[in-house]
Amino acid sequence: MEFAVLSAFCWVGFDYARKRLSAFFSAPAMSVVFSATVLPAYFAYWLSFSRALPQFDYFYPATISGVLAGVGSVCFIRALALGKVAVMLPMLCLTPVIAGSAAWIWMGEALSLTEAVAVGVLVLASFILQGGRLSVQEPGVGYILVTSFCWGLCIVFDKQALQHSPVDFHILYVTFIVLVLNSILFRPTLALDKLNKHKAMWILAALCFSLAVTLQFIALQSIQPGILEALKRAIGIIGAGLIGVYVFKEKLTPTQWTCVGVILCTSILFSQ
């Protein structure tokens, strides 16, 4: 569980760096650069540790996971371009429900009653904290629903793939698939001098992103995907909210502060 919590905090750091960079770079460009930046580090990680190639049974779930992650990323960017952020982001709270249900149906990993209630509390509090709005008529809602299903399902296929491969190879393989898919679909153009101007923030983003993914896959080997996804979403949303308050001078309502407390308490109980 410790790896899951650490991963969630790394996602918070990544979200902070991504928000800073979003003022200067488009979302498609950032998506490609993040994958391209961490891929050499993942290759070095694989060479330094296992250097092992996975079993043949690995490639079926791993490839599906990579494609789902890439499609989810594409649809997420498209959804934010079409719809309102206040409506789009709360719908990502569906991912823990999808991940938990799929892991139960596909892999036979059922949640206990206590775990199911805790996941439900995290999902509801996260939904309210992000604004708590649903609208099937909002432009982009179809894309964000596809994103939720893709990201909720890909973590289940990740867990299945990790039964046949070490973590270091799986990170390398999935990141490569996402990079190729996003590069083909987006084909972003980037000026090198513009990248160098924000080099420190790119390094911070790459470091947080690589640690978040690595720790997430390590945690996934021993945690039900629905629980991991709920913790990641909840802690990430809290982090984004607090960064917004203390760094970007945004405001939270009393109801949202209450949700922060509920998420913190539930996450602490989960980590015991």
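Before anything else I wrote down my burial terms: buried means under 20% relative accessible area, exposed means over 50%, and partly exposed is in between, with a 1.4 Å probe and protein chains only. By that rule arginine 51 comes out exposed, because its relative accessibility is 60%.

**Ground rules.** I am working on a predicted model, where local features need pLDDT of at least 70, side-chain atom pairs count only at pLDDT 80 or more, and totals for chains, interfaces and linings use all residues. Residues are numbered from 1 along each chain as its sequence is written, and side-chain values use heavy atoms, with hydrogens and water left out.

**Loop between α2 and α3.** I took helices and strands as DSSP runs (H or I, at least four residues, for helices; E, at least two, for strands), numbered from the N terminus. Arginine 51 sits in the loop between α2 and α3. I stopped at its backbone: phi is positive, about 55 degrees, and the residue is not a glycine. Most residues other than glycine have a negative phi. Phenylalanine 49 is in this loop too, between α2 (27-48) and α3 (59-82). I looked up its accessibility as well: phenylalanine 49 is exposed at 60%. What lies 7.6 Å from phenylalanine 49, C-alpha to C-alpha? I found aspartate 168, which is 119 residues away in sequence.

**Cysteines.** I searched for disulfides (a pair of cysteine sulfur atoms within 2.5 Å) and got 0. Cysteine 75 is in none, its nearest cysteine sulfur being that of cysteine 150, 5.9 Å away. Cysteine 75 is buried, with a relative accessible area of 11%.

**Salt bridges.** I counted a side-chain nitrogen of Lys or Arg within 4 Å of a carboxyl oxygen of Asp or Glu. How many did the whole structure give? The search found 2 salt bridges. One of them joins lysine 159 to glutamate 109, with the closest N and O atoms 3.2 Å apart. This pair links distant parts of the chain, 50 residues apart: lysine 159 is in helix α7 (residues 141-161), while glutamate 109 is in the loop between α5 (94-107) and α6 (113-129). I have lysine 159 as buried at 9%, whereas glutamate 109 is partly exposed at 21%.

I then went to lysine 232 and glutamate 229, whose side chains meet in a salt bridge at 3.4 Å, N to O. Both lie in helix α11 (residues 225-246), 3 residues apart, about one turn of the helix.

**Aromatics.** I paired rings of Phe, Tyr and Trp (its six-membered ring) when their centres lie within 6.5 Å; planes under 30 degrees apart are stacked, over 60 edge-to-face, and the rest tilted. That gave me 17 aromatic pairs. I opened up tryptophan 11 with phenylalanine 209: the centres are 5.9 Å apart and the planes at 75 degrees, so the pair is edge-to-face. Tryptophan 11 is in helix α1 (residues 2-21) and phenylalanine 209 in helix α10 (residues 199-220), so the pair ties together parts 198 residues apart in sequence. I checked burial and both are buried. I also noted one aromatic cluster, formed by Trp11, Phe14, Phe25, Phe34, Trp202 and Phe209.
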